[in-house]
Amino acid sequence: MPIVAQSTETTDWVSRFADEVIEESERRAPGKPVVVASGLSPSGPIHLGNLREVMTPHLVADEIRRRGHTVRHLLSWDDYDRYRKVPVGIPGIDDSWAEHIGKPLTSVPAPKGSEHPNWAEHFKAAMVEALAELGVEYDGISQTEQYTSGVYRDQVLFAMKHRGDIDAILDQYRTKKGPAKKQQGQKPVDEAELEAAEGSGAAAEDDGSSAAGYYPYKPYCGQCEKDLTTVTSYDDETTELAYTCSACGFSESVRLSEFNRGKLVWKVDWPMRWAYEGVIFEPSGVDHSSPGSSFQVGGQIVGIFGGKQPIGPMYAFVGISGMAKMSSSKGGVPTPADALQIMEPQLLRWLYARRRPNQSFKIAFDQEIQRLYDEWDKLAGKVADGSVLPADAAAYARAVGTAAGELPRTPRPMPYRTLASVADITAGAEDQTLRILSELDPENPLASLDEARPRLDKAETWINTQVPAEERTVVRDEPDVDLLKSLDDQGRESLRLLQDGLEQNWSLDGLTHLVYGVPKVQAGFPADATAKELPSEIKVAQRTFFALLYHLLVGRDTGPRLPTLLLAVGQDRVRKLLGA
């Protein structure tokens, strides 16, 4: 049984949009399925900013389903968009791919070595797999299939017939200034601060204007397949259309009523689809929401097609915190597949669910992921004991499952930072990993690593791909004799107190109590004395003691949490390295 989100909570943005969408759908199309939409262009790696284009309507659609309504989440693959440029950093391509610029994405060869038939299918594949892991239910629509099969033929002919009306709307914006340019000296946008709407159908293109007049339709050339074409004439009665291609010099006349090799320009294509599909809700990125943008202009053009503009919240940027260059996605920007290698789908869903669409946030690939997991586990604890706030409960419910049920989860979710430390120290050795994890809680030992998966695997991947080699933990093979000889009486006494308590306290909680307690005992306080009962000097003594242990065990000032490190090293080896 899925956990039902609290639809009555006024601070929950998903519920508020669901209320609005249901009401609007009943007004526009009573008794019909509620339609929400997303659009993605597989022009390259589909990154974590683009994921917001899908997750925002998914979360709203899922809330509507939880309430018993029928919903269609349309995901338009804009695979009939033009190939605009050769991306940098994509394995399996070279400068020769420049010859395909201007062709539909489905007519461009996939990178060398790909098992997919074309460029679009190659980059769609990873996103399809990621959406399945995330539990996103949608109806996929290939715009190549829609246009080339003639599904939109009537809409194309209608747009051409009403081109004067469309041109008049566009002309209102042609003299207006576009979005402000970045001023000289302005702080550059970080490469990892991803524009959520980039590649979602917003590819730069002309609006259909030319010396021959305004035509909202762009043919792909019958000889070179490129869209570097200009319509030179069109007859409304016969639908006879003539065009020339500036790329290869080809020209021809065709009957548009029988011609399926072209598409409406973007600012007309998008509102046409709103009307054709009856879309009630579709978000858009900040680049679509500025004055004169495609969303604003589309809100007027959609009326020509007899439709209405969807409810369309603007969504903000999704940033990236510290992704290692060695593991960044092909093309240099991290994708949902990259994120799902190091985090469970529940956590990734939660990051999108807990923030309103107009709030930017970052997805952590660095040490911050450990803090995020701590926060997530703390939230799960509050849900379990009933102390969670309603809005947090709703975000949690949307993260762990959908209206169809809960997502697969780790049976025994141990702390991510502990799993990462163990994976770091053991270098993935399963026998050692199981030994350490089973000793974390001796009263309830882990019987199999499968109980800790997939979280264990995600943590191990994070260690192997995101933590630089110089930050990895290497346990000493032999004691640091010089350091041990240099210790004063207090230092030697601290090591003796620790070793005396190892056997009795050999668990995660026990060792935590022990390592923090040694400096307290040396100062004449009980080992379980609280911070309020202790002078500030104790914290200094603890830091000094911890640094000594790290130097003796791993030869550095810092390292994984000491209780985890001690468990990983094992009692016998700890005693040896501490000079027993």
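Pro 454 lies in the loop that separates helix H14 (430–439) from helix H15 (455–466), where helices are DSSP runs of H or I with at least four residues, strands are runs of E with at least two, and both are numbered from the N terminus. The peptide bond from Arg 453 to Pro 454 is cis, with omega near 10°. The model is predicted, with local features requiring pLDDT of at least 70 and side-chain atom pairs counting only at pLDDT 80 or more, while totals for chains, interfaces and linings use all residues. Residues are numbered from 1 along each chain as its sequence is written, and side-chain values use heavy atoms, with hydrogens and water left out.

Most residues other than glycine have a negative phi, and most peptide bonds are trans. Glu 225, in the loop between strand S6 (217–219) and strand S7 (229–234), has a positive phi near 70°. Ala 427, in the loop between helix H13 (416–426) and H14, likewise has a positive phi, of about 55°. Glu 225 is partly exposed at a relative accessible area of 34%, whereas Ala 427 is exposed at 65% (buried, under 20%; exposed, over 50%; partly exposed, in between; 1.4 Å probe, protein chains only).

Beyond neighbours within four places in sequence, the residues in contact (heavy atoms within 4.5 Å) with Leu 348 include Leu 48, Leu 51, Leu 134 and Pro 336.
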